[in-house]
Amino acid sequence: MKIPFFIQDFTDEMEQAAIHALRNESFVGGESIIKFEEEFAEYTGTKYAVSVSSGNGALQISLMALGIGDKSKVITPTNSFIASANCIRMTNAEPILTDIDLNDGSIDLSHSKNMVNAIIPVHIYGNPCNFDAVRLFSQEQNIPIIEDACQAHGAEYKGEKVGSLGDVGCFSFYPTKNMTVGGDGGMTTTNNEETALKIKSIRDNGRKTKNEFDKLGFTMRLNTVNAAIGRVQLKHLDQKNARRREIVSIYRKNLAEDCILPENKDGKSVYHQIVIKHEKRDEIRQKLSDNEIGSAIYYEKPIHQQPIYQEFGYKLPNSEKFSREIISLPSYPKLTDEQALEICECVNKVIG
Ligand SMILES: Cc1ncc(COP(=O)(O)O)c(C=O)c1O
């Protein structure tokens, strides 16, 4: 590919931090873990951050820490990565998949009358969802909110960072995300000390004290070396997010139609994905590919259409239509202005 869809981020600074941690710290539970958690909590404006081994783990442990399990129901949108729903089933709870706003692909609660025990809104593509609607839903039913902020490091809603809006925020550091730890990793954020302590315990086999275990848990800790890399990445996150916003403004200015999904008017997106919605999606994709430009579709199948969810028999027409019309353009900070313009030129040959 002349312009790949994604470039893995690796710098000398990350390498030095990794080697320093490996040489000087415990591989598990080293000082970098404590520092990364402190810095991430400060960044999101929460009292506590507890690192874990993935975004999926963050979601699953958060649900468990909030007492979600057998006989619980948890609502989440169908337009997301499958982990947003799998985490629910892994706790033995029932996922209630809900349709989306056709405009921006985010959760639409306006038709949902379901009584549930928790809600997992997703800040899909790095764009904060309509959190006032989520809060209202949670207040009406008196249920906790677990934010799936796995794609939205640094995004804001009404001036507050995502991850600080609900009861727990969950982040992924998978290498394609706006920040990584040089491998899999995740983070939970919360203002509730008891929840933070439960998450810490569940990520460590349900440990209470050195030799005592009072609940079920996993080995889902983040490794020290990954935390050391994460600290470097966190330092540069705002600057990289700002570059993503520059890239989207080039796209918006130079595409023949403004077909890029809108930003939440009450929020600030970090453009994890820059998504076009257009009826000629397949033609656009072909044209990009013919010109050796990478693209992707997030997601080709909404969760309810995945084989493992078909047994539930959902029909969620907005998300089905949406998935046929969307395509993600390269959005990584290293993309140059010239490359962004070349991508626009190529897309305009189809839509112009
Ligand atoms: C919206 C969303 N939720 C959950 C996850 C799960 O994160 P991870 O891959 O780190 O388990 C991801 C990332 O892939 C995601 O994009």
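Where in the chain does Tyr 125 lie? It sits in the loop between strand E4, residues 118–119, and helix H5, residues 131–141. Before going further, please keep in mind that this is a predicted model.

I begin with Tyr 125 because at 3% relative accessibility it counts as buried, the cut-off for that being under 20%. Its phi is positive, about 65 degrees, although Tyr 125 is not a glycine.

There is a second residue of this kind. Asn 92 is not a glycine, and it has a positive phi of about 75 degrees. Asn 92 is also in a loop, the one between H4 and E3. Is Asn 92 buried or exposed? Its relative accessibility is 52%, so Asn 92 counts as exposed, for which the cut-off is over 50%.

The bond from Tyr 298 to Tyr 299 is cis, with omega near 15 degrees. Tyr 299 is placed in the loop between helix H8, which covers 281–290, and helix H9, which covers 317–325.

Now the ligand. Which residues are closest to it? The shell holds 15 residues, and the closest are Gly 55, Asn 56, Asp 148, Ser 172 and Lys 177. By type, the shell divides into six nonpolar, seven polar and two charged residues.

Some of the distances to ligand oxygens are as follows. For Gly 55, a backbone N or O atom is 2.8 Å from an oxygen atom of the ligand. For Asn 56, a backbone N or O atom is likewise 2.8 Å from a ligand oxygen. With Ser 172 the side chain is involved: one of its N or O atoms is 2.7 Å from an oxygen atom of the ligand. Taken on its own, the ligand has 380 Å² of accessible area, and the protein covers 92% of that.

Which elements give two or more residues to this shell? They are helix H3, residues 55–65, and helix H4, residues 83–90. H3 has the largest share, with three residues.

That brings me to H3 itself. Why can we call H3 largely enclosed by the rest of the structure? Because nine of its 11 residues are buried.

At its start, a side-chain oxygen of Ser 54 reaches to within 3.4 Å of the backbone nitrogen of Asn 56. After the helix comes Gly 67, with a positive phi near 85 degrees.

Next, helix H7, residues 224–254, and in it Arg 243. Is Arg 243 buried or exposed? Its relative accessible area is 16%, so with a cut-off of under 20% Arg 243 is buried. What contact does the side chain of Arg 243 make? It makes a polar contact with the side chain of Glu 246, at 2.7 Å.

Strand E3, residues 94–98, includes Thr 98. With a relative accessible area of 8%, Thr 98 is buried. For a sense of distance across the model, the C-alpha atoms of Thr 98 and Lys 210 are separated by 42 Å, and these two residues are 112 apart along the chain.

His 111 is found in the loop between E3 and E4. It counts as exposed, because its relative accessibility is 69%. From His 111 to Val 270 the C-alpha distance is 28 Å, and the sequence separation is 159 residues.

Last, the surface. Which residues make the nonpolar patch of about 290 Å²? They are Leu 22, Phe 27 and Val 28. Val 28 is placed in the loop between helix H1, residues 12–24, and helix H2, residues 31–44. Its relative accessible area is 41%, so Val 28 is partly exposed.

That is the end of my part. Comments are welcome.

Definitions and conventions: Residues numbered from 1 in each chain as written. Predicted model: local features only at pLDDT ≥ 70, side-chain atom pairs only at ≥ 80, totals over all residues. Heavy atoms only, no water. Near = heavy atom within 4 Å. Polar contact = N/O pair within 3.5 Å; in protein donor to acceptor, adjacent residues only side chain to side chain. Areas by Shrake-Rupley, 256 points an atom, 1.4 Å probe, with all protein chains shown as cover. Helix = DSSP H or I, 4+ residues; strand = E, 2+ residues; numbered from the N terminus. Nonpolar A, V, L, I, M, F, W, Y, C, P; charged D, E, K, R; others polar. Patch = residues over 30% accessible without salt bridge, like charges linked within 9 Å, V, L, I, M, F, W, Y side chains within 5 Å. Salt bridge = Lys/Arg side-chain N within 4 Å of Asp/Glu carboxyl O. Buried < 20%, exposed > 50% of the residue type's maximum accessible area, 1.4 Å probe, protein only.
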